Amino acid sequence: MSDVIAQATGLVKTYPPRDKRSAPFTAVDGIDFTLQRGEAFGFLGPNGAGKSSTMRMIACVSPPTAGTLRVLGLDPATDGRRIRARLGVVPQDDALDSELSVRENLLIYGRYFGLSTRLIDERATQLLDFAQLTDKAAERVDALSGGMRRRLTIARSLINEPELLLLDEPTTGLDPQARHVLWDRLFRLKQQGVTLVLTTHYMDEAEQLCDRLVVMDGGKIVAQGSPAELIAKHATREVLELRFGIGEQAAAVEKLRQARTGDRIEELPDRLLWYTAEGDAALAAAHALGLTPVTALVRRASLEDVFLALTGRTLVD
Amino acid sequence: MTTATASPGMALRFYRYCWLHYRRNWKGTIVISVANPLLFLVAIGAGLGAVVGSHVEALGGVSYLAFFAPGMLAAASMQNGMIESAFPVSYQRMPGRAYPVAVSTPLEPVDVLHGHALFMAVKIAIGAAAFCAVMFAFGVAASPLAVLALPAAVLTGFAFAMPVAAWAVTLPDVRPVQTLFKWVVMPLYLFSGTFFATTQLPEAVQHLVALTPLWHGVELCRTLTLGTATWAGSLTHTAYLTALALVGYVVARRNYHRHLHP
Ligand SMILES: Nc1ncnc2c1ncn2[C@@H]1O[C@H](COP(=O)(O)OP(=O)(O)OP(=O)(O)O)[C@@H](O)[C@H]1O
Ligand SMILES: [Mg+2]
């Protein structure tokens with residue numbers, strides 16, 4: 001068995017124009033990646049970066065416009081059915097039938113894979129347990145909370161025991177507790193040897209779950225590596241966050257630039273970020289310059305900072 | 001474009017989904033697709049028919065009920081064909097609904113089309129069979145050939161269902177569907193010879209009406225039921241409706257692929 005589970009070179013996705021007046025739109029603009037069996041791989045990026053478009057091509061529901069793509073050693077253009085039979089997909093929207101019960105959703109999906117009703121029943125029982133939904137089995141899906149739906153969608157995606165699980169923003173819109181429950185479930189799957197590919201807006205999620213990731217922006221890959229590598233390469237060890245009173249930030253930035261610390265300063269609408277090896281020392285320096293921030297916070301650099309350094313924009317606005 | 005070959009087994013998987021979904025939703029549509037046409041049949045056919053009196057010349061010397069019932073069979077079938085395709089297809093193709101879910105599994109868009117089309121055909125047949133049963137109970141059938149009005153009605157419904165499905169799968173939302181019912185279904189219903197003989201219309205309009213698919217469905221069902229069918233006429237009507245269904249199917253196949261695997 002090969003170690004590579006999916007591979008793309010020069011992958012492009014151009015959508016045809018929506019109407020006569022608009023132009024074709026290139027959502028994915030020549031990207032390369034190699035996914036290893038057993039790893040957790042992340043696609044990070046802001047809205048419209050092309051994450052979902054990429055995921056849909058891997059999932060064989062959207063043919064690439066150009067480039068080569070191999071999934072499970074097969075060509076999606078000719079072997080879509082066979083590939084999809086071995087994939088699990090968790091789409092960005094839950095895509096559950098809200099009028100059917102929790103169990104019926106699993107039944108329908110299992111049937112699409114040609115599984116017998118008995119086998120589906122057996123697996124559904126295990127999966128509902130895994131998703132902590134056993135006591136909701138007979139409930140209609142529209143009675144479930146957002147977090148429960150997400151867990152059900154993940155449970156459903158496992159009905160065919162996939163080798164490769166594609167998760168498009170698995171935790172968007174969930175509260176912190178629900179996110180942690182999901183992270184735990186995903187971590188267990190990884191331990192069982194399932195290859196995970198996920199997209200996310202959240203840097204902490206990528207840091208928690210991903211062995212490797214790529215940062216996408218405007219359809220291109222702008223950086224790749226492990227979370228630690230990316231932080232080491234594109235950010236400093238610590239970040240000092242300073243908030244000023246209304247209208248005072250511009251003057252403070254001006255003062256810092258004149259002081260020529262050599263450190264990178266990022267201005268955000270509500271605060272400024274000072275990238276530095278020693279946050280406390282930087283704060284002392286700020287005070288010495290006569291700056292009086294309303295709040296000051298020293299923290300470790302995160303992937304959020306990597307993204308900002310690469311694109312000049314924050315991820316979640 | 002359509003590279004994947006269709007699989008009947010996969011299509012049946014989607015067909016089974018349609019029934020499971022319908023089990024939750026039948027109350028919403030049974031009234032309009034089965035009960036409504038029957039009410040029309042009784043109220044207009046029997047009620048108004050008594051007022052009109054029988055053996056009016058323009059109706060070809062039959063009672064108004066006998067004239068109206070097979071026409072209504074075709075018109076109701078047309079409406080069922082549209083109801084079964086327009087709303088469900090434009091709804092299920094939306095992000096997060098049944099179509100995108102099904103095509104992310106081993107099913108191809110063409111399998112979804114086949115499974116759903118089979119379901120539409122069965123639903124149209126059930127509605128037409130219920131109508132035929134009541135119509136025959138009224139003693140309208142004048143010939144053993146009248147039983148062929150049932151497949152004729154199913155063909156009529158299906159000839160509308162396929163092009164409408166081909167169109168509905170391209171829609172970004174369901175609003176245009178309402179427009180379709182207001183501006184296409186209603187006029188066809190009224191002027192294709194269901195309620196009155198088209199020979200009463202000006203000649204130019206008659207030629208126009210003879211181009212509409214519903215007129216062919218109405219004529220086919222009516223002549224078979226009343227025993228006035230001719231080979232030439234029936235074959236023409238059947239060929240016209242079959243061609244419409246086929247063209248709709250071919251376009252649907254292409255559109256399903258384009259819009260479900262974009
Ligand atoms: N079917 C389509 N037709 C035309 N344009 C599309 C289509 N799907 C996506 N796009 C466009 O392609 C771009 C990338 O979309 P995509 O959904 O891949 O982004 P994303 O990174 O997943 O964003 P988000 O974080 O908002 O989910 C967007 O500008 C979007 O409007
Ligand atoms: Mg997306």
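## The interface between the chains

Let's start where the two chains meet: 24 residues of chain A and 28 residues of chain B take part in the contact. Keep in mind as you browse that this is a predicted model. Together, chain A and chain B bury about 2300 Å², and 53% of that area is on carbon and sulfur atoms.

On the chain A side, three residues stand out. Arg81(A), Arg84(A) and Tyr112(A) supply 33% of the area that chain A buries against chain B, more than any other three residues.

## The magnesium site

Next, the metal. The magnesium ion (ligand 2) is coordinated by two side-chain atoms, OG of Ser52(A) and OE1 of Gln92(A), at 1.9 to 2.3 Å. Ser52(A) belongs to helix H1 (residues 51-58) of chain A, while Gln92(A) sits in the loop between strand S5 (87-90) and helix H3 (102-112) of chain A, so the pair ties together parts that are 40 residues apart in sequence.

The two residues can also be described by their accessibility. Ser52(A) is buried, with a relative accessible area of 15%, whereas Gln92(A) is partly exposed at 41%.

## Two domains in chain A

The domain assignment of chain A gives domain 1, spanning 4-224, and domain 2, spanning 236-300. If you take the centres over C-alpha atoms, domain 1 of chain A and domain 2 of chain A are 40 Å apart.

## Helix H8 and its two sides

Helix H8 of chain A covers residues 227-234, and Pro227(A), Leu230(A) and Ile231(A) are buried in it. Viewed down the axis of H8(A), the buried residues fall within an arc of 100 degrees, so they line one face of the helix. A bit of helix geometry is handy here: an α-helix has 3.6 residues a turn, so residues three or four places apart point the same way.

What do the buried residues of H8(A) pack against? Their partners in chain A are helix H7 (203-209), strand S8 (212-217), strand S9 (220-225) and helix H11 (303-311). The other side of H8(A) carries the exposed residues Ala228(A), Glu229(A), Ala232(A) and Lys233(A).

Cys132(B) is buried, at 4% relative accessibility. Over in chain A, Cys60(A) is also buried, at 7%.

Terms used:
Residues are numbered from 1 along each chain as its sequence is written. Chains are lettered from A and ligands numbered from 1 in the order in which they are written. This is a predicted model: local features need pLDDT of at least 70, side-chain atom pairs count only at pLDDT 80 or more; totals for chains, interfaces and linings use all residues. Side-chain values use heavy atoms; hydrogens and water are left out. Buried means under 20% relative accessible area, exposed over 50%, partly exposed in between (1.4 Å probe, protein chains only). Helices (H or I, at least four residues) and strands (E, at least two) are DSSP runs, numbered from the N terminus. The arc is that of the directions from the helix axis to the C-beta atoms. Contact means heavy atoms within 4.5 Å. Donors are N, O and S atoms within 2.8 Å of the metal (3.2 Å for Na, K and Ca); water is not among the atoms, so sites may look incomplete. Domain bounds come from an automatic or database domain assignment. Buried area is the accessible area (1.4 Å probe) that two parts lose on being put together, summed over both.
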